[in-house]
Amino acid sequence: MTTVPETDPCPITPVIDLVFGRWSTQVLWVLTHDGRLRFTELQQRIPGLTPKVLTQRLRQLERDGLVSRTYHAEVPPRVEYEATPLAKTLTPVFSSIVEWSSEHLGEVLAARATYDAGGDSS
């Protein structure tokens, strides 16, 4: 007997996993807003991101078509990263999230404070 794999009831899950994975959002945000950057420039703009994890994120985002990598055969070699046109189509999504955050993050923080203080959670 063959079982059919369950499908996720939420159609945006693959996109959330793709774009909003740990550090992916920050990398895409910086590349979209700051343009083409070298590895060290990118790392300096994202505090707390280790070189190993940045390398992993860049490789995954390149694989997904959201980041392009340009190698310049110079001495020393130079590698630059930039958001692809596909990644730039996420700008309205990011803008909507920034707008929602501006309007509602205070409410979320207040709800957390109430909950953490043992207030009514209903």
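Modeller: Trp-23 counts as buried, because its relative accessibility is 13% and the cut-off for that class is under 20%. This, like everything that follows, is read from a predicted model. Trp-23 sits in the loop between helix H1, residues 13–19, and H2, and its phi is positive, at about 75 degrees, although the residue is not a glycine. That deserves a second look, since most residues other than glycine have a negative phi.

Three strands make up an open sheet in the order E1-E3-E2, with antiparallel pairing. E1 (37–38) and E2 (67–72) stand at the edges with a single partner strand each, so that one side of each has no neighbour in the sheet. The pairing of E1 with E3, residues 78–83, is antiparallel and rests on 2 bridges, and across it Leu-37 stands opposite Tyr-81 of E3. Helix H2, which spans residues 24–34, packs on this sheet and touches E1, E2 and E3, while its direction makes about 95 degrees with that of E3.

On the other pairing, E2 and E3 run antiparallel and are joined by 6 bridges, with Glu-80 in E3 as the bridge partner of Thr-70. In general, such pairing between the strands of a sheet is made through backbone hydrogen bonds. E2 and E3 form a hairpin with 5 residues between them, and the loop that links these two strands contains Pro-76. The peptide bond that joins Val-75 to Pro-76 is cis, with omega at about -5 degrees, whereas most peptide bonds are trans.

Ile-12, Ile-16, Phe-20, Val-93 and Ile-97 together make a nonpolar surface patch of about 390 Å². Among them, Val-93 belongs to helix H6, which covers residues 91–116. Val-93 is classed as partly exposed because its relative accessible area is 38%, a value that falls between the limits of under 20% for buried and over 50% for exposed. Trp-23, by comparison, is on the buried side of that scale, at 13%.

Conventions. Residues numbered from 1 in each chain as written. Predicted model: local features only at pLDDT ≥ 70, side-chain atom pairs only at ≥ 80, totals over all residues. Heavy atoms only, no water. Patch = residues over 30% accessible without salt bridge, like charges linked within 9 Å, V, L, I, M, F, W, Y side chains within 5 Å. Areas by Shrake-Rupley, 256 points an atom, 1.4 Å probe, with all protein chains shown as cover. Salt bridge = Lys/Arg side-chain N within 4 Å of Asp/Glu carboxyl O. Helix = DSSP H or I, 4+ residues; strand = E, 2+ residues; numbered from the N terminus. Buried < 20%, exposed > 50% of the residue type's maximum accessible area, 1.4 Å probe, protein only. Pairing = 2+ DSSP bridges. Contact = heavy atoms within 4.5 Å. Axes fitted to C-alpha atoms, helices over the stretch in contact; angles between N-to-C directions.
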